[in-house]
Amino acid sequence: MLNIVLFGGPGSGKGTQSDKIVEKYGLHHISTGAVLRRHIKEGTEIGKKADEYISKGQLIPDEMMIDILEDVLETEKDTIKNGVIFDGFPRTIAQAEQLDKMLKTRGSGIDHVIGLEVPDQTLVERMLKRGAETGRADDNIDTITRRLGVYHDQTSPLRDYYIADGRYRQIDGEKAIDDIFSQISDVLDS
Ligand code: AMP
């Protein structure tokens, strides 16, 4: 079992690198953003509530988000064989603490936190490009600006949290996609 967190700002390349990790290492990919967008598309109660936060660039409250993740882990447990890539979770210290607890009760834990480090200017450019290409609703300049603010206020403190306990692996996320993946592979092969 190899469980990793892909950590980084919005637009840092977590989705792109997740696809490559899935292909090479056979890990199970859980993107909380994708789970929420699916709920919104299907018009579920969770989707309706989540949309209010996502459209404003805010985080879903911790308690709700943790319940959603517990549910995903339970529903998808039979497809988890080699481990999990957590993409977009945790985003707060409270979520990180709960994730450790959830995994501990399942007899595992987070082995590496892969930190994709990308300057804000590049993040904005990438998200604007993605918005234009995919039509993703929260990739517009107003929401992007708010998401970056939320990232710096609420999520980036997690970097120090994981550095302190020795799980953080710093990756230069501004390089080409394959160069970034090669840095990640070095960590996962170590
Ligand atoms: P993402 O696709 O990871 O960029 O997530 C898109 C949006 O979903 C975020 O801007 C948040 O509003 C919400 N979201 C995704 N994951 C979380 C999380 N772990 N905690 C709170 N909100 C989340």
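In this predicted model, Thr16, Gln17, Lys20, Ile21, Lys24 and Tyr25 of helix H1 touch Ile177, Asp178, Ile180, Phe181, Ile184, Ser185, Leu188 and Asp189 of helix H9. By class, this contact between H1 and H9 holds 7 nonpolar, 3 polar and 4 charged residues.

**How H1 and H9 cross**

- The axes of H1 and H9 lie 10 Å apart, and the two helices pack at an angle of about 50 degrees.
- Angles under 35 degrees count as roughly parallel, and those from 65 to 115 as roughly perpendicular; H1 and H9 are therefore oblique to each other.
- The crossing of H1 and H9 is right-handed.

**Helices H7 and H8**

- Helix H8 covers residues 157-164, and its axis comes within 5 Å of the axis of H7, with a crossing angle of roughly 35 degrees.
- On the H7 side, the contact is made by His152, Asp153, Gln154 and Thr155, while H8 contributes Pro157, Leu158 and Arg159.
- Sorted by class, the residues in the contact of H7 with H8 are 2 nonpolar, 3 polar and 2 charged.

**The largest pocket**

- Which element gives the most to the lining of the largest pocket? H1 does, with 5 residues.
- By class, the lining of the largest pocket has 18 polar, 16 nonpolar and 14 charged residues.

**The second largest pocket**

- The second largest pocket has a volume of about 180 Å³.
- Its lining is made up of Met1, Asn3, Leu73, Lys77, Ile80, Val84, Leu103, Arg106 and Ser108.
- By class, the lining of the second largest pocket has 5 nonpolar, 2 polar and 2 charged residues.

Key: Residues numbered from 1 in each chain as written. Predicted model: local features only at pLDDT ≥ 70, side-chain atom pairs only at ≥ 80, totals over all residues. Heavy atoms only, no water. Helix = DSSP H or I, 4+ residues; strand = E, 2+ residues; numbered from the N terminus. Nonpolar A, V, L, I, M, F, W, Y, C, P; charged D, E, K, R; others polar. 1 Å grid on protein atoms, 1.4 Å probe; cavity = no way out; pocket = protein on both sides within 12 Å on 5 of 7 lines; lining within 4 Å. Points joined across faces, edges and corners; volume = space filled by probe spheres on them. Axes fitted to C-alpha atoms, helices over the stretch in contact; angles between N-to-C directions. Parallel < 35°, antiparallel > 145°, perpendicular 65-115°, else oblique. Left-handed = near helix turned anticlockwise from the far one by under 90°. Contact = heavy atoms within 4.5 Å.
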